[in-house]
Amino acid sequence: NAGTEADVYISVYGERGDTGSRQLLRSQKSKKFLKGQTDIFAVEAVHLGCLYKIVIGHNGLGSGNGWFLDKVVIKDPITDLDYTFLCHRWLDQGQDDGNISRELPVTDASMLPGRKELELKREKTWAAEKWKFRKGITLQFYNRVTHGFICLYPDSRVDALGDKKNKYGKVFSMWMCA
């Protein structure tokens, strides 16, 4: 359910002005904005110089109008530069923050290698840790202050009394980073 059937619009902003709102009509694919698909559109405009942001969104109409947008890449045919605008968020009234449009700044090219490395680490971490979130799993955390175990049960109960015994035979260290 990450694709959309709504009408999608984009405005591109550069040092010499903007395109105004343009509907993305004809993709090189037969069906546009499907989950996991990369769509390519031609947008005619005067040369805007260096691009610095886009505003992209949809009209919220149609069934399945919510959309998860990973990123937008704009290729400038005059300078042969690629401008990347990372989103990785929902454009959906019922998901995330409820917005159906996003203002996205250009991503500095020097940030991409670090960001890609971070994305790879996140994928590897999720692959290793996703078993903890399967149905029927009880999570147990060791509290170093109380020297007891806190359990999160599959039925949403929490045993926060900090039992001194290890009920399930394993101790997991969890680190939360913001």
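The structure is a predicted model, in which local features need pLDDT of at least 70, side-chain atom pairs count only at pLDDT 80 or more, and totals for chains, interfaces and linings use all residues. Residues are numbered from 1 along each chain as its sequence is written, and side-chain values use heavy atoms, with hydrogens and water left out. The chain holds one helix and 10 strands, and 28% of its 178 residues count as buried.

**Fold and surface**

- Helices (H or I, at least four residues) and strands (E, at least two) are DSSP runs, numbered from the N terminus.
- Along the sequence, these elements follow the pattern β-β-β-β-β-β-β-α-β-β-β.
- Among the contacts (heavy atoms within 4.5 Å) in the chain with a separation of 6 or more, 46% are between residues 24 or more positions apart.
- The chain exposes about 12,700 Å², and carbon and sulfur atoms supply 54% of this area; accessible areas come from the Shrake-Rupley method with a 1.4 Å probe, and for residues only the protein chains shown count as cover.
- Buried means under 20% relative accessible area, exposed means over 50%, and partly exposed lies in between (1.4 Å probe, protein chains only).

**Largest pocket**

- A pocket is an open set of points on a 1 Å grid over the protein atoms alone, where a 1.4 Å probe fits, with protein on both sides within 12 Å along at least five of seven lines; lining residues have an atom within 4 Å of a point.
- About 1,100 Å³ of space lies in the largest pocket; grid points are joined across faces, edges and corners, and the volume is the space filled by probe spheres set on the points.
- The largest pocket is lined by 36 residues, of which D39, F41, V72, V73 and I74 are the closest to its centre.
- Strands β1 (8-14), β4 (51-58) and β5 (67-76) each supply at least two lining residues, and the largest share, 10 residues, comes from β5.
- The lining divides into 23 nonpolar, seven polar and six charged residues. Here Ala, Val, Leu, Ile, Met, Phe, Trp, Tyr, Cys and Pro count as nonpolar, Asp, Glu, Lys and Arg as charged, and the others, Gly among them, as polar.

**Y13 and its surroundings**

- Y13 lies in strand β1 and counts as partly exposed because its relative accessible area is 21%.
- Leaving out residues up to four places away in sequence, Y13 touches D18, L51, Y52, K53, I54 and V55.
- Y13 and V55 are 42 residues apart along the chain, and their C-alpha atoms are separated by 8.3 Å.

**Salt bridges**

- Side chains of opposite charge can pair when their charged atoms come close.
- A salt bridge is a side-chain nitrogen of Lys or Arg within 4 Å of a carboxyl oxygen of Asp or Glu, and by this rule the count is six.
- R89 pairs with D97 at 3.2 Å, N to O; R89 is partly exposed at 32% relative accessibility.
- R102 also forms a salt bridge with D97, with the closest N and O atoms 2.9 Å apart.
- D97 is partly exposed at 39%, whereas R102 is buried at 7%.
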